[in-house]
Amino acid sequence: MLTLLRESEFTTMTCSACFTIFVLLFNVSVFLLSSGKQLNWFSAKTGQYDKRYGAFTEKERQQKLADVKKMFYFGYDNYMKHAFPLDELDPIHCRGRGPDHDNPSNLNINDVLGGYSLTLVDVLDTLAILGNGTEFKRAVSLVIDHVSFNHNNTVQVFESTIRVMGGLLSAHLLITDPYRPHGDLYPDNYDGELLQMAHDLAIRLLPAFQNTSTGIPHPRVCLYNGVPAQGVQEACTAGAGSLILEFGLLSQLVQDPIFEDVARTAIDALFIRRSNKTGLLGNVINIQTGEWVGIQSGLGAGADSFYEYLLKSFIMFGEEQDLRTFNEIYDNIKKHMRKGRASCTSGDGKVPLYVNVNMNDGRTLNSWIDALQAAFSGVQVLAGDIEEAICSHAIFYAIWRKYGAIPERFNWQTKQPDVLFYPLRPELVESTYLLYQATQNPFYLHVGSDILESLETYTKSTCGYATLHDVFTKTKEDRMESFFLSETCKYLFLLFDSDNHVNRAASKYIFSTEGHLLPISRKYRSKKLSKDFYNRRSMKTRIDNCEELPYNRSLSECSYIPSESRFKLPLDSVYLEQIDQLVGL
């Protein structure tokens, strides 16, 4: 547990100047200043890393910001020109794509593409964040006029929730924000249509929670007539247990508890089935018997957003049990999945690495990590565990430097990819952004610059950005998933846009797992936090002043990183070299 400092030992900022969510930056200050820790940030070795990752000039920042904006609009404008109202853009042949009706078993396509202009819905809040109110309003009108869920398409509950429902809710809340911090986003004659559409979609997804003896939802639903007759009876932990932000927020907005209730029931049903020996969950479960079909416990595909949403649900709704559950699981993750030396930033031993293990006994199951695990360092930032986040992130950045992308699976034993493709995923960019917000270290601007350059060099195609089929040869697949514009470009833009309202008022927002911007408000919290979660009157005064609620184990006022620490490497050179060796650089 982090140790609290006296207020005289750190410098606070006014709430309006806090540049990251809640009080996470205080935890970073604690990490840097608390006694007994070796301050590697102040003693980083000189060498190639120091030279490469030194100061990032204002001119460079502005140029990268312009480059990201150009990248976004190249993809967006071509989607609107060649693909809308279909779901996605094929960036090589410059055409649109929707559900694969000829091959219903093509789940890679049909789980995601539901015939509801997916890319446009997914990207609405990105337009607002980029400051393009005119195009945002036009896009909202197009969604209202063209998007319907009355289709005989079978979609994945999880994907349609985070991409479509989340996109609609985020855009609605941006439109109706009375303070209009992103400018005038109110379309003419807007009457809550986006919220109504989100409600309609949620109602169509509710059958997934019926006829399941555990309360864990069916993974797929036909938008027209419910769960398919021959539907799969197995669900992954992330898919079934990562619906609470969108479903819970919808319940608050339409004043109907059913959506939050079913989402919480699913979380509880998964958590009570954790191993009684390790406290870990598997990755696939039978929704009828409650038996684990997949016993792998890891931080990547099949589990990733489950952990993320426990913490974010606490931040959004103030449910103390969510935080207790997260803390319990995180402790068990560290106990059983984490290998390597005890401290990320000091001491001898192997690189700290989170591996996939058997949920029942904690034994290592395989020797690969996957691309989705790159997001977990962002979760660690939100949890205030900055030291661990730095190490987790550095591993995936080293992989990126090796290939100019992150292969879907990387084998840390053979130092080679097990699965070669890269579908423009945002997870590393997201963690880079959050670590920069937490530390203000220019190292992470350099990381973002490297990612941006690689995307432009290797994935740009005729009329968009294409999936890499092979990270070695850089051959492309004709697909630009919606999350490239809604997340990858968004996080890159925010990384370089220091003056963006989202960064200046970061304590007032949280991002969904699809990168949708959601406002944090007291009105979404039905219960007050107990006194155990803050220092009675002094902390309550800070909450009243900041309009914030504490969410981590260590609490304080909004604070910032000492300036001298921002110009050193986040990890000593010797450890960065060790990580390079781990991935075969």
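The model is predicted, so local features are reported at pLDDT of at least 70 and side-chain atom pairs at pLDDT 80 or more, whereas totals for chains, interfaces and linings use all residues. Residues are numbered from 1 along each chain as its sequence is written, and side-chain values rest on heavy atoms, with hydrogens and water left out.

A search of the whole structure finds two disulfides, a disulfide being a pair of cysteine sulfur atoms within 2.5 Å. One of them joins C94 to C463, with an S to S distance of 2.3 Å. The torsion about this S-S bond is about -130 degrees, and the disulfide is therefore left-handed. The pair links distant parts of the chain, 369 residues apart. C94 stands in the loop between β1 (88–90) and β2 (95–97), while C463 belongs to the loop between α17 (443–459) and β15 (467–468). Helices here are DSSP runs of H or I with at least four residues, and strands are runs of E with at least two, numbered from the N terminus. C463 has a relative accessible area of 1% and is buried. Buried means under 20% relative accessible area, exposed means over 50%, and partly exposed lies in between, with a 1.4 Å probe and protein chains only.

The other disulfide is formed by C344 and C391, whose sulfur atoms are 2.0 Å apart. C344 lies in the loop between β9 (338–339) and β10 (353–354) and C391 in helix α15, so this link ties together parts 47 residues apart in sequence. With 95 degrees about the S-S bond, the link is right-handed. Both ends are buried: C344 has a relative accessible area of 0%, and C391 has 1% relative accessibility.

The expected span of a helix is 1.5 Å times one less than its number of residues. For the 17 residues of α17 this gives 24 Å, which agrees with the 24 Å between its end C-alpha atoms.

The buried residues of α21 (residues 573–583) are S573, Y575, L576, I579, D580, L582 and V583. These residues pack against α2 (48–52), α15 (386–403) and β13 (409–411), where contact means heavy atoms within 4.5 Å. After α21 comes G584, whose phi is positive, near 90 degrees.
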